[in-house]
Protein chains: 2
Amino acid sequence: MDLKITKYSRQRDIILRILRSTKCHPTADWIYEKVKKEIPNISLGTVYRNLNFLADKGKIRRFSFGGTTAQFDGDLRDHYHIRCDWCKRIEDVPHISTRISCQEIESLTGYRIHSLNLFFSGICPECQRKGEQ
Amino acid sequence: MDLKITKYSRQRDIILRILRSTKCHPTADWIYEKVKKEIPNISLGTVYRNLNFLADKGKIRRFSFGGTTAQFDGDLRDHYHIRCDWCKRIEDVPHISTRISCQEIESLTGYRIHSLNLFFSGICPECQRKGEQ
DNA sequence: AATAATATTAGTTATTATTATTGTTTTTAT
DNA sequence: ATAAAAACAATAATAATAACTAATATTATT
């Protein structure tokens, strides 16, 4: 994955715009379907290449919940994620009072920290109401 | 993935023992190779099925770093992970002073929290020494 | 202990997500 | 305007995981 890409590309622009304009945390394929409406002959490989590029450059976030598929998030603001173990929905956790100190981690591990990911899993209110599935 | 499995299985036992006895965060395939030394004709599917079973029951942890491969951890104690963006190694972050309050998240989101995952990424000391790759 | 019921298995095939390749087109620098 | 490099679409290849099936191992029942 050697990406020294610097040129403008309409495809990348649109991918980024679509990702930024959604509140969900889409997969590459979801984005692909959206972009196709604007660029019908775009290829899935282009979507993957650009998502990886953008993630490597820190323009978007890439994560996964231990599952088999990567998901992307165009929102770079400090926030966390939570997923329902039953319905699999993913939501943002806007902010928590606790500040996690990256500096502490840096001095603890010697790493230069680039990013921090915090996610929770559990049962969402709706599924709780519906009871045991 | 409906796993109402209750019977004893030697395969599962050995998988769990191997996972618990390593400090690394192996993939299904890594575990498969290990188990084969004890049960030469075990199948990879069995390894996957049991890892998923154990993870669903909360006996082990399953995660991934946004990549394509799941990794497993037999250590259930409270700890976090850090990965080097260059050499891809994953290490434990033993404990941090900040306590993240799941109760705060529960009242903030309405979710019943099952688990919390915190991971960092950055550049490990060794790669820092080696400089830009 | 023998039997019946069923979870689990090995072996295999299928599916899905992702990456790599190749020849062509776009973009940028000169 | 032209040349070099980046990015592309199309497609093939790979890798991870899930699904299927008939046989085996484990447990519960007699």
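How many residues does the contact take from chain A and from chain B? The contact, meaning heavy atoms within 4.5 Å, takes 41 residues from chain A and 41 residues from chain B.

This is a predicted model, in which local features need pLDDT of at least 70 and side-chain atom pairs count only at pLDDT 80 or more, while totals for chains, interfaces and linings use all residues. Residues are numbered from 1 along each chain as its sequence is written, chains are lettered from A and ligands numbered from 1 in the order in which they are written, and side-chain values use heavy atoms, with hydrogens and water left out.

**Stop 1: chain A**

Select chain A. Its secondary structure comes to five helices and five strands, where helices (H or I, at least four residues) and strands (E, at least two) are DSSP runs numbered from the N terminus. Along the sequence the pattern reads α-α-α-β-β-β-β-α-β-α. The C-alpha trace of chain A spans about 45 × 45 × 25 Å along its principal axes.

**Stop 2: the interface**

Now show both chains. Between them, chain A and chain B bury about 3500 Å², with 58% of it on carbon and sulfur atoms; buried area is the accessible area (1.4 Å probe) that two parts lose on being put together, summed over both. In chain A, select Tyr111(A), Phe119(A) and Phe120(A): these lose the most area to chain B, together 18% of what that side buries.

Between chain A and chain B, 15 residue pairs are in polar contact, both residues at pLDDT 80 or more. A polar contact is a pair of N or O atoms within 3.5 Å; within protein, one must be able to donate a hydrogen and the other to accept it, and residues adjacent in sequence count only if both atoms are side-chain atoms.

The elements of chain A that give two or more residues to the side touching chain B include β1 (61-63), α4 (102-109) and β5 (112-123). β5(A) gives the most, with 12 residues.

**Stop 3: β5 against β5**

Select residues 112-123 in chain B, which form its strand β5. This strand and β5(A) run antiparallel and are joined by 11 bridges; strands pair if DSSP finds at least two bridges between them. Within this pairing, Asn117(A) stands opposite Phe119(B).

**Stop 4: an aromatic pair**

The whole structure holds five aromatic pairs over all chains. Rings of Phe, Tyr and Trp (its six-membered ring) pair if their centres lie within 6.5 Å; planes under 30 degrees apart count as stacked, over 60 as edge-to-face and the rest as tilted. Select Phe65(A) and Phe119(A): their ring centres are 4.3 Å apart and their planes at 55°, so the pair is tilted. Phe65(A) lies in the loop between β1 and β2 (71-73) of chain A and Phe119(A) in strand β5 of chain A, so the pair ties together parts that are 54 residues apart in sequence.
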